[in-house]
Structure formats: structure tokens, C-alpha cells
Amino acid sequence: HQHPVNHVLHVFVGWPLVGASLLLLPFRPLWSVGLFLAGYALMFTGHFVFERNIPTILKHPSTPFVMAV
């Protein structure tokens, strides 16, 4: 995440939306899905538009599971 806009979209927008979606899941499942998708859409936009590359999760789908372990 070398481009500053992509960095902001990840750290201050995308991941907080994904985190909020997980917190809201038991209470507002539809809002949770919307926030989750919006967070990832913004992060993908940062990669495609500002850095002009493909996100790692699309190249190597197992990455989130490996990082979790």
C-alpha cells in the first residue's frame, strides 16, 4: 500500500467498516453484510484505481486464513 489514498482507504475506512460489520452481525445481519461488502469494495478500489494492481486476496485466496493462524 504505497499510494497514500490506498493506505487511507485500507487503514481508516475499509478495515473499520469490516470490523463494524463483524460487531453488528448478531444484531443487524443485513447492515453487517452491507458494511462488509462496502469495506472490501473501497479497499479493492484503492488497489485497482490508485495502485493499479490486484489485491493479494484475489491472487492467493488462502492468505486471510494463513494470516489468521
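Student: What share of the contacts in the chain with a separation of 6 or more joins residues 24 or more positions apart?
Tutor: The share is 45%, where contact means heavy atoms within 4.5 Å. Please keep in mind that this is a predicted model, in which local features need pLDDT of at least 70, side-chain atom pairs count only at pLDDT 80 or more, and totals for chains, interfaces and linings use all residues. Residues are numbered from 1 along each chain as its sequence is written, and side-chain values use heavy atoms, with hydrogens and water left out.

Student: Why is S32 called buried?
Tutor: Buried means under 20% relative accessible area, exposed means over 50%, and partly exposed is in between (1.4 Å probe, protein chains only). S32 has 5% relative accessibility, so S32 counts as buried. This residue lies in helix α2. Leaving aside neighbours within four places in sequence, S32 is in contact with S21, L22, L24 and L25. Over the chain, buried residues make up 22% of the 69 residues.

Student: What makes L37 exposed?
Tutor: L37 has a relative accessible area of 54%, and therefore counts as exposed. L37 is also in helix α2. Its C-alpha atom is 16 Å from that of P64, 27 residues apart in sequence.

Student: Is V8 buried, exposed or partly exposed, and what is the value behind the label?
Tutor: V8 has 40% relative accessibility, so the label is partly exposed. V8 is found in helix α1, and its C-alpha atom is separated by 21 Å from that of T63, 55 residues apart along the chain.

Student: Why is R52 called exposed?
Tutor: At 69% relative accessibility, R52 is over the 50% limit and so counts as exposed. R52 lies in the loop between α2 and α3. R52 also has a positive phi of about 55° although it is not a glycine.

Student: How many aromatic pairs does the structure hold?
Tutor: It holds four aromatic pairs. Rings of Phe, Tyr and Trp (its six-membered ring) pair if their centres lie within 6.5 Å; planes under 30 degrees apart count as stacked, over 60 as edge-to-face and the rest as tilted. F36 and Y40 are 5.1 Å apart centre to centre with 45° between the planes, so this pair is tilted. Y40 and F44 have centres 6.0 Å apart and planes at 85°, so theirs is edge-to-face.

Student: What separates F36 and Y40 along helix α2?
Tutor: They are four residues apart in helix α2 (residues 29-51), so about one helical turn separates them. Y40 and F44 are likewise four residues apart in α2, about one helical turn. F36 is partly exposed at 34%, and F44 is partly exposed at 24%. Ring pairs link W15, F36, Y40, F44 and F48 into a cluster.

Student: What is the volume of the largest pocket, and which residues lie nearest its centre?
Tutor: The volume is about 350 Å³. The pocket is lined by 16 residues, and H1, H10, W15, T56 and I57 lie nearest its centre. On a 1 Å grid over the protein atoms alone, a pocket is an open set of points with protein on both sides within 12 Å along at least five of seven lines, for a 1.4 Å probe, and lining residues have an atom within 4 Å of a point. A volume is the space filled by probe spheres set on the points, which are joined across faces, edges and corners.

Student: Which helix gives the largest share of that lining?
Tutor: The largest share, four residues, comes from α2.

Student: Where does H1 lie?
Tutor: H1 lies in the segment before α1. The C-alpha atoms of H1 and G46, 45 residues apart along the chain, are separated by 8.7 Å.

Note on methods:
Helices (H or I, at least four residues) and strands (E, at least two) are DSSP runs, numbered from the N terminus.
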